[in-house]
Amino acid sequence: MIDIDELEDKFSIEGEVGFAELENDLVFLTVSNKYADVDICLYGAHITSFRPHNSSEIVWMSPDSSFEEGKAIRGGIPVCFPWFGPHKSDADKPQHGFARLMYWEVMETKTLPSGETRVILQLCSSEATKAYWPHDFCAQLTVIVGSTLKVTLKVTNTSNVPFEYTCALHSYFTLSAIENLRIDGLHHTEYYNQLSGENGRQEEEVLEITEPFTRHYLDTEAPVIIEDTVFRKKIRVAKTGSHTTTVWNPWAQTCVTIADIPDDGYETFVCVETVNAFNDVISLAPEEVHETTTMISLAE
Ligand code: TA6
């Protein structure tokens, strides 16, 4: 049971960081500073809102998202760990791992000299995580709220044997309409098309989405620009520590099969995800650390 008063005592910063039950009884950490407002649900360390002061909402949240334990929140920035997609050998284990289905602990809130706010949340191995995955680990999500939203998933192997994991910062972006979307930054990049099972290479300079779409772009560190020609907005998604970029939109036919997205929900979002998976699996020796970072900002 999370005690909001205790969190307030330890971690609130007057006028900048607070705690609230924003959806059902799930506790959110809210940040508001001179750059932006951000909401982070402690269940899943899940960012559900990023509103830079000079812009409208950047991340898409499904109006049908459940906010209840045992289910993933739909939209925002889900943290997928320690596996991305379905579990390799056990279909009963949750898709995209268990990190988005667990409460993360608040470790730090801090005002940086720049006026940005840093928040650190943590999920370490426990009996509950070992029910899904046998390894000892500590995962920290560091969120820096400025004009750029910088999100880092840092994983430490705290066991005495090596392990492997895959992960994603599975960000959803809000659009005026999918037909107004142009994605730049993936030209000449090889990809694995999850829907056809084939590999390909993007020949178009700018990507437009007109059908169900799940491509995992491989060996790429390039920033991606998501342009919405009607909102007249460009969002830059830069990253470090990740060589896979996934672009996902379910389109109409898949959308109707997803309970927590309205049937026409696919029209107003796209996922551009900072991923480690496929030929980019992370191996950690004991005490080794890996950091996966996504940096989301408005582009000119
Ligand atoms: O990252 C793309 C993807 O793995 C798709 O295949 C699609 O299933 C999507 O993520 C959403 O997954 P979720 O488990 O949140 O429904």
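What follows is a dialogue on how labels are given to parts of a predicted model.

Visitor: Which residues surround the ligand?

Guide: The ligand is surrounded by Arg74, Phe84, Gln95, His96, Arg100, His170, Gln194, Thr214, Thr246, Trp248 and Glu273. This shell divides into two nonpolar, six polar and three charged residues.

Visitor: How much of the ligand does the protein bury?

Guide: Taken alone, the ligand exposes 390 Å², and the protein buries 84% of that.

Visitor: What makes Arg74 and Asp260 a salt bridge?

Guide: Their closest N and O atoms are 2.8 Å apart. The rule asks for a side-chain nitrogen of Lys or Arg within 4 Å of a carboxyl oxygen of Asp or Glu, so the pair is a salt bridge. Arg74 lies in the loop between strands E4 and E5, and Asp260 in the loop between helix H3 and strand E21, so the pair ties together parts that are 186 residues apart in sequence. Both Arg74 and Asp260 are buried.

Visitor: Why does Glu273 have no salt bridge?

Guide: The nearest side chain of opposite charge to buried Glu273 is Arg74, and Arg74 is 8.8 Å away. The limit is 4 Å, so Glu273 has no salt bridge. Glu273, in strand E21, does make a side-chain polar contact with His170 at 3.4 Å. That value is within 3.5 Å, so the contact counts.

Visitor: How do you know that Asp280 is without a salt bridge?

Guide: Asp280 is buried, and Lys239, the nearest side chain of opposite charge, is 6.2 Å away. A salt bridge needs a distance within 4 Å, so none is assigned to Asp280. Asp280 is in the loop between E21 and strand E22, and its side chain makes a polar contact with the side chain of Asn276 at 3.2 Å.

Visitor: How many salt bridges does the rule give?

Guide: The count comes to eight. Among them is the pair Glu57 and Arg51, at 3.8 Å from N to O. The 3.8 Å value is within 4 Å, so the pair qualifies. These two residues also belong to a network of salt bridges that links Asp37, Asp39, Arg51 and Glu57.

Visitor: Why is Glu57 called partly exposed?

Guide: Glu57 has 23% relative accessibility. Buried means under 20% and exposed means over 50%, so Glu57 falls in between. Arg51, at 29%, is partly exposed because it falls in that range as well.

Visitor: Why is Phe163 called buried?

Guide: Phe163, in strand E10, has a relative accessible area of 3%. That is under 20%, so Phe163 is buried. Phe163 and Asp136 are 27 residues apart in sequence and 9.1 Å apart in space, C-alpha to C-alpha.

Visitor: What makes the phi values of Asn24 and Ala45 worth a remark?

Guide: Most residues other than glycine have a negative phi. Phi of Asn24 is near 45° and phi of Ala45 is near 50°, both positive. Asn24 lies in the loop between strands E1 and E2; at 55% relative accessibility, over the 50% mark, it is therefore exposed. Ala45 lies in the loop between strands E3 and E4; at 0%, under the 20% mark, it is therefore buried.

Visitor: Which peptide bond is cis, and where does Pro82 lie?

Guide: The bond from Phe81 to Pro82 is cis, with omega near 5°. Pro82 lies in the loop between E5 and strand E6. Most peptide bonds are trans.

Methods. Residues numbered from 1 in each chain as written. Predicted model: local features only at pLDDT ≥ 70, side-chain atom pairs only at ≥ 80, totals over all residues. Heavy atoms only, no water. Near = heavy atom within 4 Å. Areas by Shrake-Rupley, 256 points an atom, 1.4 Å probe, with all protein chains shown as cover. Nonpolar A, V, L, I, M, F, W, Y, C, P; charged D, E, K, R; others polar. Helix = DSSP H or I, 4+ residues; strand = E, 2+ residues; numbered from the N terminus. Buried < 20%, exposed > 50% of the residue type's maximum accessible area, 1.4 Å probe, protein only. Lys, Arg positive; Asp, Glu negative; His and termini not counted. Polar contact = N/O pair within 3.5 Å; in protein donor to acceptor, adjacent residues only side chain to side chain.
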